[in-house]
Amino acid sequence: MRLIESIREMTAWSKEQVREGRTVGFVPTMGYLHEGHLTLMRRAREACDRVVVSIFVNPLQFGAGEDYEEYPRDLTRDSRLAESAGVDVLFAPAVREMYPKGYHTFVDVERLTEGLCGASRPGHFRGVTTVVCKLFNIVRPDVAYFGQKDAQQLAIIRRMTEDLNLPVSVVGVPIVREADGLAMSSRNVYLSPEERQAALVLSKALARARDLVESGERDAARLRQTITETITAEPLAAIDYVSIVDNRFIQPVDTLAGDCLIALAVRIGKTRLIDNMVVEV
Ligand SMILES: Nc1ncnc2c1ncn2[C@@H]1O[C@H](COP(=O)(O)OP(=O)(O)OP(=O)(O)O)[C@@H](O)[C@H]1O
Ligand SMILES: CC(C)(CO)[C@@H](O)C(=O)[O-]
Ligand code: BAL
């Protein structure tokens with residue numbers, strides 16, 4: 001596996017793949033890899049001739065007072081894990097390489113970014129779409145893999161790719177969970193043992209909602225009520241949002257129909273966790 005830190009070297013490698021007629025699969029990450037990331041890499045490995053993983057903790061998508069400084073980083077461990085998943089190139093640029101002095105260009109997807117994490121983290125998705133657009137231009141992948149765990153992000157990247165005619169197929173990969181149901185996340189390392197237990201309330205609340213949908217419930221307000229009650233029963237949990245939206249434009253729905261996304265963000269102590277499920281009605 002090759003470690004590339006410069007954009008020029010990454011671009012030269014990508015052009016070479018195009019010349020050789022090889023397909024490139026790409027998995028953008030912020031590192032501190034876990035089984036969720038490795039699942040994305042394996043999907044890429046199965047489908048593409050070459051696999052690139054980026055590791056870049058993107059300062060542009062963190063708001064003031066968020067965890068940019070504390071975000072876990074371990075390139076040595078990540079290199080070992082990526083290599084074991086059959087990755088060909090690890091692209092790990094420095095912040096100055098991605099945003100040199102004089103940088104002033106941003107990509108903004110409207111409407112889909114207004115609610116959910118967009119409302120709680122102003123500017124977050126502008127940072128995500130800007131960096132993903134740059135990474136697509138640098139890596140030039142044929143296929144890019146994103147986790148369903150960040151469902152709003154996935155919908156926004158699909159929108160951006162379609163709206164800007166970016167020549168990349170975007171593939172969504174289902175949420176990978178711990179044995180007890182907790183969605184894997186790099187931020188789970190922040191949790192104390194008590195908080196780790198309390199964090200199960202997210203997947204539990206979603207499971208209750210799923211049971212209700214399966215037994216015929218279609219009213220979004222009643223489903224949100226059940227989820228809210230389940231979460232507030234956990235003393236260590238504080239709700240950021242519980243939203244039910246259509247899975248394409250991320251707009252609130254009153255009655256479930258078609259593909260709906262039930263999404264939550266909950267603070268467990270100081271750690272903000274997200275989880276979701278898509279229901280097809
Ligand atoms: N549990 C998971 N299942 C599937 N995909 C995941 C999972 N966790 C992360 N991903 C995906 O991996 C990619 C990189 O995500 P990222 O590096 O932000 O990891 P993360 O664990 O979500 O970190 P955090 O939520 O703490 O920021 C994203 O496309 C994300 O959706
Ligand atoms: C897509 C991404 C790598 C952009 O920084 C990030 O938002 C993430 O890890 O989900
Ligand atoms: N997984 C999304 C990246 C973030 O929380 O900033």
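Tutor: Gladly. Let us begin with a definition: helices are DSSP runs of H or I with at least four residues, numbered from the N terminus. Keep in mind that this is a predicted model. Helix 6 then gives the most to the shell around ligand 2, with 3 residues.

Student: What makes a residue part of the shell around ligand 2, and which residues surround it?

Tutor: The test is a C-beta atom, placed from the backbone, within 6 Å of the molecule. P28, T29, M30, N58, Q61, V128, V131, V132, D150 and Q153 surround ligand 2. By class, the shell has 5 nonpolar, 4 polar and 1 charged.

Student: Q61 is in that list. Why is Q61 called buried?

Tutor: The cut-off for buried is 20 or more other C-beta atoms within 10 Å. Q61 has 21 within that distance, so Q61 is buried. Q61 sits in the loop between strand 3 (50-55) and helix 3 (75-84). Leaving aside neighbours within four places in sequence, Q61 is in contact with H124, G127, V128 and V131. An unreviewed UniProt entry places the feature "binding site" at Q61.

Student: And H37: is it buried or exposed, and how do you know?

Tutor: Exposed would need 12 or fewer such atoms, and buried 20 or more. H37 has 27 other C-beta atoms within 10 Å, so H37 is buried. H37 belongs to helix 2 (residues 35-47), and, apart from neighbours within four places in sequence, H37 is in contact with V27 and T29. The feature "active site" is placed at H37 by UniProt, in an unreviewed entry.

Student: Which element gives the most to the shell around ligand 1?

Tutor: Helix 2 does, with 3 residues. Helix 2 and strand 5 each supply at least two residues of that shell. Of the 17 residues around ligand 1, the ones that come nearest are M30, G36, G147, M184 and R187. The classes there are 8 nonpolar, 6 polar and 3 charged.

Student: What puts the buried residues of helix 9 on the same side?

Tutor: In helix 9, the buried residues are V201, L202, A205, L206 and A209. They cover an arc of only 135° around the axis, so they lie on the same side of helix 9. D211 and E214 are exposed, on the face turned away from the buried side. The packing partners of the buried residues are helix 8 (193-198), helix 10 (220-232), strand 7 (237-246), strand 8 (259-268) and strand 9 (271-280). Just after helix 9, G216 takes a positive phi of about 110°.

Definitions and conventions: Residues numbered from 1 in each chain as written. Chains lettered and ligands numbered in written order. Predicted model: local features only at pLDDT ≥ 70, side-chain atom pairs only at ≥ 80, totals over all residues. Nonpolar A, V, L, I, M, F, W, Y, C, P; charged D, E, K, R; others polar. Arc of directions from axis to C-beta. Contact = placed C-beta atoms within 7 Å. UniProt positions renumbered as here; feature names shortened; annotations may be inferred.
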